[in-house]
Amino acid sequence: MPTILGQNQYGKAENRVVKITRDGATHHIKDLNVSVALSGDMDEVHYSGSNANVLPTDTTKNTVFAFAKEHGIESAEQFGIHLARHFVTSQEPIQTARIRIEEYAWERIEASDANSQFIGSDEVKHSFVRKGQETRLTQITYDGEKWEVVSGLKDLVVMNSTNSEFWGYVKDKYTTLKEAHDRILATQVSARWRFNWTDDEQRMPNWEKSYEQTKKHMLQAFAETYSLSLQQTLYQMGSRIINNRSEIDEVRFSLPNKHHFLVDLEPFGLKNDNEVYYAADRPYGLIEATILRDGCEPKIPVDLTNL
């Protein structure tokens, strides 16, 4: 045979499952997009077409919906763990299961309160996050012995309207960019973080709390870093997570620099004192890096966060 079979996997991708939990008149929603990929003793189905070891992808789809009822959806990570364990332990030919999940957040609409008052921040007044835009992510991989859980988010748009500079860079004959000592810093965060929970003997993290706290530290670092470069801000975001979340050993970011350029208003007899900007859609600088706990090896694929 002149060819041999390389890595292979199969499954049902993008199973959209919405789970409503009814607590009396109060309802709770978990909205997931679940993709299942299975691998193992699958040579024969490729070579001869024999399906003797193949669990139909339709069955994997049904399992996702049945597990939403049987186990509920406590968190994206916990749901993925239930699925991965089931596929590997219930089907002998399946040796590894990888579950990828996107979670879409729903924010409860509060009823009007005539006595409510707006409470603003007294300290940080130049940092913003677009509400309800990010998608929560997780990838669960299980080989029957070891777990790998890589969670994260994408499409989290943040901006600092000041406390950012960019100057002192290399200049050559093609350089036209002017140095900036007060600029807008904005990016659309794509991040993944790897947990150090790898086997059932370890204490499992509180997945929901971990996500909320990781996002909080990431945003606080973005807001509180006086930035001389987006790379510096990225490093501070990752370091803040590693230093505050003991369950996480590795963080990888992909941060497109969402450029905002000052508009020249002089032709109209107007002075632009860092007030009016043109938000450029593309091209954009793309800054990427991995931040690690000292002594740990990088395991998050470099291309996992690429735009």
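Analyst: Lys 30, Glu 77, Glu 103, Arg 136 and Glu 208 are joined in a network of salt bridges. A salt bridge here is a side-chain nitrogen of Lys or Arg within 4 Å of a carboxyl oxygen of Asp or Glu. The model is predicted: local features need pLDDT of at least 70, side-chain atom pairs count only at pLDDT 80 or more, and totals for chains, interfaces and linings use all residues. Residues are numbered from 1 along each chain as its sequence is written, and side-chain values use heavy atoms, with hydrogens and water left out.

User: How many salt bridges does this rule give?

Analyst: The count is 17.

User: Why is the pair Lys 146 and Asp 199 called a salt bridge?

Analyst: The closest N and O atoms are 3.6 Å apart. The cut-off is 4 Å, so the pair qualifies. Lys 146 sits in the loop between β5 (135-142) and β6 (147-160), Asp 199 in the loop between β7 (185-195) and α4 (207-224); the pair therefore ties together parts 53 residues apart in sequence. Helices (H or I, at least four residues) and strands (E, at least two) are DSSP runs, numbered from the N terminus.

User: What makes Asp 199 buried?

Analyst: Its relative accessibility is 19%. Buried means under 20% relative accessible area, exposed over 50%, partly exposed in between (1.4 Å probe, protein chains only). So Asp 199 counts as buried. Lys 146, at 44%, counts as partly exposed.

User: Which residue forms a salt bridge with Arg 194, and how far apart are the closest N and O atoms?

Analyst: The partner is Glu 250, at 2.7 Å. Arg 194 is in strand β7 and Glu 250 in strand β8 (residues 248-257), 56 residues apart. Arg 194 is buried at 7%. Glu 250 is buried at 0%.

User: What does the pair Glu 224 and Arg 240 tie together?

Analyst: Their side chains meet at 3.2 Å, N to O. Glu 224 lies in helix α4 and Arg 240 in helix α5 (residues 230-244), so the pair ties together parts 16 residues apart in sequence.
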